[in-house]
Amino acid sequence: MKRICPECGEEFTGRSDKKFCSAPCRAGHHNRARAEEQAFQRSINNILRHNRNVLAELNPDGKANVRRDRMIDRGFKFRYFTNEYTSRSGILYHFCYDYGYRVEEGEWVLLIKRKEYVE
Ligand SMILES: [Zn+2]
């Protein structure tokens with residue numbers, strides 16, 4: 001039974017569970033898949049680290065009120081955060097590692113630092 005190697009595009013024959021023409025093609029395929037996974041994780045990590053650094057820059061004293069636009073201007077991405085925290089009074093905070101924020105009404109965002117709200 002003839003098949004096409006997904007790595008090099010060559011036709012090959014062999015056992016039906018054989019996916020690649022050769023060991024180098026199999027290794028190359030898996031190496032590339034792993035490299036792509038790592039690149040994806042790295043890009044997410046970079047976004048999270050950047051978000052955290054924007055929060056730290058805008059919040060040097062551990063608590064601050066800033067406009068949403070100021071964060072966005074610095075490349076902050078609201079869709080990326082490391083964890084959520086809900087206070088006893090039911091207020092939801094998002095965190096990027098040790099820096100957190102709460103989106104308030106209108107244009108304002110309250111910035112906090114982790115130790116103040118989480119043991
Ligand atoms: Zn091949």
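How many bridges pair S6 and S7, and in which sense do the two strands run? There are five bridges, and the pairing is antiparallel; two strands count as paired if DSSP finds at least two bridges between them. Some notes around that answer follow.

1. Ground rules. This is a predicted model, where local features need pLDDT of at least 70, side-chain atom pairs count only at pLDDT 80 or more, and totals for chains, interfaces and linings use all residues. Numbering starts from 1 along each chain as its sequence is written.

2. Overall layout. The protein chain has two helices and seven strands, in the sequence pattern β-β-α-β-α-β-β-β-β. Helices (H or I, at least four residues) and strands (E, at least two) are DSSP runs, numbered from the N terminus.

3. For 119 residues, a compact globule would have a radius of gyration near 14 Å, but the protein chain comes out at 23 Å. That radius is taken over C-alpha atoms, and the globule rule is 2.2 Å times the number of residues to the power 0.38. The C-alpha trace spans about 65 × 30 × 25 Å along its principal axes.

4. H1 has 36 residues and runs 52 Å from first C-alpha to last, close to the 52 Å expected at 1.5 Å a residue; the expected span is 1.5 Å times one less than the number of residues. H1 is hardly covered, with three buried residues out of its 36: Asn51, Val54 and Leu55. They pack against helix H2 (68–73), S5, S6 and S7. As a reminder, an α-helix has 3.6 residues a turn, so residues three or four places apart point the same way.

5. The sheet. Five strands make an open sheet in the order S3-S7-S6-S5-S4, with antiparallel pairing. Its edge strands are S3 (63–67) and S4 (83–86), each pairing on one side only. From one strand to the next, the twist averages 30° (axes are lines fitted to C-alpha atoms, for helices over the stretch in contact, and angles run from 0 to 180 degrees between N-to-C directions).

6. S4 and S5 run antiparallel with four bridges, and Glu84 has His94 in S5 as its bridge partner. S5 and S6 are antiparallel too, with three bridges; here Cys96 stands opposite Tyr99. On its S7 side, Tyr99 has Lys113 as bridge partner.

7. Two hairpins worth a look. S6 and S7 form another with four residues between them, where Gly106 in the turn has a positive phi of about 70°.

8. The core. The largest nonpolar core holds 13 residues, of which Leu55, Phe95, Cys96, Tyr99, Tyr101 and Leu111 touch the most other members. Two or more residues come from each of H1 (23–58), S5 (92–96), S6 (99–103) and S7 (108–113). Such a core is a set of buried Ala, Val, Leu, Ile, Met, Phe, Trp, Tyr and Cys residues joined through C-beta atoms within 7 Å.

9. Leu55 up close. Beyond its neighbours within four places in sequence, Leu55 is in contact with Cys96, Tyr99, Tyr101 and Leu111; contact means C-beta atoms, placed from the backbone, within 7 Å.

Note on methods. A residue is buried if 20 or more other C-beta atoms lie within 10 Å of its own, exposed if 12 or fewer, and partly exposed in between; C-beta atoms are placed from the backbone. Two residues are in contact if their C-beta atoms, placed from the backbone, lie within 7 Å.
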